[in-house]
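Here's a quick briefing to read with the model open beside you.

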Amino acid sequence: MTQKFPRLFLILLAVLFILNLVQGYFTELIYDEAYYWYYAQNLDWGYFDHPPMVAFLIKLSSFLFDGELGVRFMSCVLSVGTYLILWELIDNPKKKDYVIHFFLLLFSMTLMNAYGFLTLPDTPLLFFTALFLLLYKRFLNNPTIWTSIFMGVVMAALMYSKYHAVLVILFVFLSNLKLIKDRNAWLAVAVALVCYSPHFLWLYQNDFVSIKYHLYERPNQAYSFTKFTLGYFVNLVAIFGLLFYWVYLSLIKTKSTNKFTKALLYLTYGVVIFFFISSFNRRVQTQWVIIISIPTAILAFNHLIENANSRKWMYRMGIVSMIVLIYARMWLVHSPLLPIIFETHGNKQWVSELNSKAGDIPIIFENSYRSAPMYEFYSGNSTFSLNNHMYRKNQYSIDDSEERVRHKKIVYVTKYRKSGDITYTYPDGTVFYGVFMNDFESYRKLECIVEEPHEKSTYTLKVYNPYEFDIPLEELKYTVAYSNKYKQVKEMIPLKVKPESSSEIILKSKDTLFFQFELPKPKMENHGYFRIGIAENGLLPGLNGKPVKLKE
């Protein structure tokens, strides 16, 4: 072990592991972590926003620890694994002389630093990207059947982590097109497909909800160079922190001397170019390009070993980065260290305040898949996120959480009210109001399917009831939401629907009723889509239909 990994390496790795454990224990959850914790309460082969790997890791952590560390422990373990694999991927015989440089380099990569203890889909994505590259490197040297099988399993694990993983596999393949004639490579693909088939089946059973949302239903906005493209370049700087100049310098300086180095270059440039092109269509989030941290870490470390000037400056800036990021880590726990409120500040406080007023009564948060799991995590009480036309669908739209509050006395919390029975305050000073409701009832899973108009502007509307009970039609009111070409809702108008059979008064369980309607004329101009929603029992309309493109 010490021959492969120097004693100093193992000592620093142990220190980093302990640091991440301590950080994970004392830092309150961020909202996405709470949302993924909610995933893990009911393990499945897929979820609305992501594949299931992040939920599986949280479930494993929960077997070993309670509280925040019960969400984050496996992330701390995977972080150690990523460091070990990256060290193994570097062949330079002089690397043992630069162990401290290695740790300063990786510690300075801001998101890799954060994902050392935060549990997000990118955490396993980083680990399995490194492991995939290690197996690919061995495959290039000795393409055995077992190497192919293991590589196939890891390719599936990559895809179970995040859909962006397809870019890792794609660009590595493009770097070596001869793989298309390699039967061992096809064996790896076959193993990956077999291992990934449960998620394919889940997608099929759930009408490919994740793919459709990410590709077609996700709201966007008009192109802005500052927000989109310039913001993307800012993100490319941010992921490497103060070392960004030398990291990108090493990328430019590296020549493709062998197939593995070529794969690293193709992966890095491929992801950078792919999201650069994407930046002309939508905002690119910083974590979307996190996968380039793995190949650039290898390239940058090899560069600093061979370049004395870069090594000197990377060491100096690495120390500065370490000090800054350690201070930032302390601020995540103790907010007074900086005059900025972050997601890890004050969650226990607002949950405690709301819980003291609501007691054990379930809470329904309107349009907040973030607050609902955060409250449930810290209070232990049931919650539900009720989504309406001003929001988006999420995991609460497709699971059975609505049944936990049906016919219950609940507290309905919303940011749209200016008064209520109770109030509570977020750390940023925002005041939310809640009202008590008895015998709560919602039908957010009713499906509205619009067919093309047959005569002039008359449309056919199919309303399907997926519930195990019948629903009185008199409880339902219909609306049409008009949105611009970026799917941003701009106008809501009540919709009159005419049933094909006037004798129908009940929408029976697992049954479909047909209606006719004409689209009311909106006040807005340049509308791009409309969407049918159903309002029930005095609630705001839901997201019952899919966006329908209006013909120009």
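Which strands does helix H17 lie across? Helix H17 (residues 347-358) lies across strand S1 (363-366), S3, S4 and S5, and it runs at about 170° to S4. Keep in mind that this is a predicted model.

**The five-stranded sheet**

- The sheet is an open one made of 5 strands, and reading across it you get the order S2-S1-S3-S5-S4, with mixed pairing.
- Strand S2 (383-386) and strand S4 (422-425) sit at the edges with a single partner strand each, so each has one side left without a neighbour in the sheet.
- On average, neighbouring strands here are turned by 25° against each other, ignoring direction.
- Strand S3 (residues 410-414) and strand S5 (residues 431-437) run antiparallel and are joined by 5 bridges.
- If you want a spot to look at in that pairing, Ile-410 has Met-437 in S5 as its bridge partner.

**Helices lying across the sheet**

- Edge strand S4 is among the strands that H17 lies across.
- Helix H18 (residues 371-379) lies across S1 and S2, running at about 175° to S2.

**Strand S14, a buried one**

- Strand S14 (residues 529-536) has 8 of its 8 residues buried, so the rest of the structure largely encloses it.
- In a regular strand, side chains alternate between the two faces of the sheet.
- Both faces of S14 are covered: one side carries Tyr-529, Arg-531, Gly-533 and Ala-535, the other Phe-530, Ile-532, Ile-534 and Glu-536, and all of these are buried.
- S14 pairs with strand S9 (residues 476-483) in the antiparallel sense, over 8 bridges, and Ser-483 stands opposite Tyr-529 of S14.
- S14 also pairs with strand S15 (residues 548-549), again in the antiparallel sense, this time over 2 bridges.
- In that pairing, Phe-530 has Val-548 in S15 as its bridge partner.

**Cavities**

- Lining the largest cavity are Ser-75, Leu-78, Ser-79, Thr-82, Tyr-83, Met-112, Tyr-115, Gly-116, Thr-123 and Leu-126.
- Helix H4 (69-89) and helix H7 (122-141) are the elements that give two or more residues to this lining.
- H4 supplies the largest share, 5 residues.
- By class, the lining of the largest cavity splits into 5 nonpolar and 5 polar residues, with no charged ones.

Note on methods:
Residues numbered from 1 in each chain as written. Predicted model: local features only at pLDDT ≥ 70, side-chain atom pairs only at ≥ 80, totals over all residues. Heavy atoms only, no water. Pairing = 2+ DSSP bridges. Helix = DSSP H or I, 4+ residues; strand = E, 2+ residues; numbered from the N terminus. Axes fitted to C-alpha atoms, helices over the stretch in contact; angles between N-to-C directions. Contact = heavy atoms within 4.5 Å. 1 Å grid on protein atoms, 1.4 Å probe; cavity = no way out; pocket = protein on both sides within 12 Å on 5 of 7 lines; lining within 4 Å. Nonpolar A, V, L, I, M, F, W, Y, C, P; charged D, E, K, R; others polar. Buried < 20%, exposed > 50% of the residue type's maximum accessible area, 1.4 Å probe, protein only.
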